[in-house]
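Let's take a look around this protein together.

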Amino acid sequence: MEPSSIVDRQDVRARVHGMWAAVAPGWDEHAGSVDARTAGLAERLLDLASIAPGDRVLELACGPGGLGIAAARRVDGIEVVLSDVAAPMVAIAASRAAGLADVRARVLDLEEIDEPDRSFDVLLCREGLMFAADPERAARELHRIARPGARVALSVWGPRERNPWLGVVFDAMSAQLGEPVPPPGVPGPFSLADAGRLASLLGAAGFEDVAVEEQPVPLRAASFDEWWTRTSTIAGPLAKRLAAMPAAATAALEATLREAVAPYASADGVELPGLALVASARRGEI
């Protein structure tokens with residue numbers, strides 16, 4: 001790899017890490033809503049992970065830690081480590097896990113995991129791998145820290161057109177700003193939206209029995225305002241840009257979004273479709 005490419009990738013990583021640290025307060029505020037929205041996804045991930053008593057479980061890019069906490073509540077006698085690259089997220093996850101036995105939280109980088117080789121039986125990652133500046137490196141790190149026979153269960157967002165809950169926001173912001181959102185070179189929510197690429201990523205890292213399936217993850221809200229408040233607060237690639245927009249531009253953006261979201265509204269509120277790709281794999285016995 002050229003030195004300039006290494007520098008560019010390190011710069012992207014630094015920007016992404018800072019982005020998630022900046023939106024941590026919003027994730028703290030809306031952690032319950034996130035857990036509710038992804039409850040079915042979490043259940044499927046934990047089913048695929050086949051967690052058993054005695055397992056060491058690591059959740060990467062955990063945000064508020066909802067998936068790892070669900071694992072600890074589901075299976076007795078396991079050790080769970082909640083981890084995220086953003087220290088404020090780790091603090092939130094630790095607070096939410098208070099009182100759960102054998103659950104701890106620490107700062108870990110998905111692309112450079114500060115854990116020994118072959119140290120975990122289960123690796124979980126919900127909506128995190130797609131933000132890695134170097135997803136191939138991240139996949140190799142997952143394989144490195146997996147024990148022989150370890151299981152991996154992770155999810156990323158599927159194609160943009162099948163995720164209007166966020167796609168309509170990116171479209172509206174791109175039109176408002178006159179430039180693509182997220183900007184070129186920055187890994188966004190849909191960077192691993194191709195099931196074939198996701199499977200190849202894990203296979204190339206050395207995992208076996210790789211499978212990818214689709215999981216509906218709709219986003220429901222009582223109103224447009226509730227949806228927009230939540231989305232604009234926790235969407236890492238958007239929050240900083242939204243905060244920097246002039247009031248008139250923000251008002252114009254909201255008007256555009258109200259029109260875009262209108263087809264998904266009913267007397268019961270708003271329901272926008274969402275689709276995740278769920279990948280499972282295991283490390284071989286050697």
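## A tucked-away serine

In this predicted model, Ser232 has a relative accessible area of 18%. The cut-off for buried is under 20%, so Ser232 counts as buried. You'll find Ser232 in helix α10, which covers residues 224-234.

What does the side chain of Ser232 sit beside? One of its polar atoms is 3.3 Å from the backbone oxygen of Thr229. If you skip the neighbours within four places in sequence, Ser232 also touches Ala239 and Leu242.

## How α10 meets α12

Now zoom out to the whole helix. The axis of α10 comes within 11 Å of the axis of helix α12 (residues 247-261), and the two cross at roughly 120°. That angle makes α10 oblique to α12. As for handedness, the crossing is right-handed.

Which residues make the contact? From α10 come Phe224, Asp225, Trp227 and Trp228, and from α12 come Leu253, Glu254, Leu257, Arg258 and Val261. Sorted by class, that's six nonpolar residues, three charged ones and no polar ones.

## How α4 meets α5

Elsewhere, helix α4 (residues 39-49) packs against helix α5 (residues 66-74) at about 60°, with the axes 10 Å apart. This makes α4 oblique to α5, and their crossing is right-handed.

On the α4 side, the contact uses Ala42, Glu43, Leu45, Leu46 and Asp47, while α5 brings Leu67, Ala70, Ala71 and Arg74. The tally for this contact is six nonpolar, three charged and no polar residues.

Note on methods. Residues numbered from 1 in each chain as written. Predicted model: local features only at pLDDT ≥ 70, side-chain atom pairs only at ≥ 80, totals over all residues. Heavy atoms only, no water. Helix = DSSP H or I, 4+ residues; strand = E, 2+ residues; numbered from the N terminus. Buried < 20%, exposed > 50% of the residue type's maximum accessible area, 1.4 Å probe, protein only. Polar contact = N/O pair within 3.5 Å; in protein donor to acceptor, adjacent residues only side chain to side chain. Contact = heavy atoms within 4.5 Å. Axes fitted to C-alpha atoms, helices over the stretch in contact; angles between N-to-C directions. Parallel < 35°, antiparallel > 145°, perpendicular 65-115°, else oblique. Left-handed = near helix turned anticlockwise from the far one by under 90°. Nonpolar A, V, L, I, M, F, W, Y, C, P; charged D, E, K, R; others polar.
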